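I opened a notebook page for this structure. The entries below record what I looked up.

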Amino acid sequence: MPRSYLGLVLLLPLVNPLTTVALFLGLSGDMSEQEKKKQSAMAAFYVFVIMMVAWYAGKAVINTFGISIPGLRIAGGMIVAFIGFNMLFPQDVNKSQSGEKGKSKNIAFIPLAMPSTAGPGTIAMLISAASTFSAETSHLDLWVAYTAPPLIAIAISLILWVSLRASLGVMKLVGTAGIDAISRVMGFLLVCMGVQFVINGVLELVTMQ
């Protein structure tokens, strides 16, 4: 199934699991082992759902709500930058430990699944590919046309899940101080990524005028 492999190769640089792993390292340092495994599995599942929705209903959704691809990029960039600022300048440790001790946080959907893995670029590419793919199905076997997109989404979700689970060993190796350093470095990079998303969205918006 060459088209499935081609789609996987094209999407992997966009989803970039290594970025999500670094983000996971920075955000899950105070979680228990069981909670980290749960968040890893949930993030992989959410990525699959987001990709399927973007493929089969993405164009209808953005048309219904009047959302443009540049708007999607700008909004995603603002979210990424906001998360980055929070990682760069975390709340006071003593305050968070006293006020939120034992409180479980959910990082699986935001930011691990979206916008880190299935971000604006991935969603835009899926929507664009889906609109042209339907016109090409007459040249393909029907079973290829219907099974390729879910198989690609499953493969990417599995790659993400394996990567996140493998990162648990890295956490044990670097310790608390290492996790804090990774979190701050990743926060700075996320701010840069978010600003770049916004710039790309604005430039794309200007060229559409």
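Is Tyr46 buried, partly exposed or exposed? I found Tyr46 at 23% relative accessibility, so Tyr46 counts as partly exposed. The classes I used are buried under 20% relative accessible area, exposed over 50% and partly exposed in between, with a 1.4 Å probe and protein chains only.

Before going on, I noted that this is a predicted model, where local features need pLDDT of at least 70, side-chain atom pairs count only at pLDDT 80 or more, and totals for chains, interfaces and linings use all residues. Residues are numbered from 1 along each chain as its sequence is written, and side-chain values use heavy atoms, with hydrogens and water left out.

Next I looked up ring pairs. Rings of Phe, Tyr and Trp (its six-membered ring) pair if their centres lie within 6.5 Å; planes under 30 degrees apart are stacked, over 60 edge-to-face, and the rest tilted. I got two aromatic pairs by this rule. Phe45 and Tyr46 make a tilted pair, 6.1 Å centre to centre with 50° between the planes. Phe45 is exposed, at 51% relative accessibility.

Tyr46 also pairs with Phe109, edge-to-face, at 5.3 Å centre to centre and 85° between the planes. Tyr46 lies in helix α3 (residues 33–64) and Phe109 in helix α6, so this pair ties together parts 63 residues apart in sequence. Helices here are DSSP runs (H or I, at least four residues), numbered from the N terminus. I have Phe109 as partly exposed, with a relative accessible area of 34%. Ring pairs link Phe45, Tyr46 and Phe109 into a cluster.

Last, I checked a peptide bond. From Ile110 to Pro111 the bond is cis, with omega near 10°. Pro111 sits in helix α6 (residues 108–117).

Key. Helices (H or I, at least four residues) and strands (E, at least two) are DSSP runs, numbered from the N terminus.
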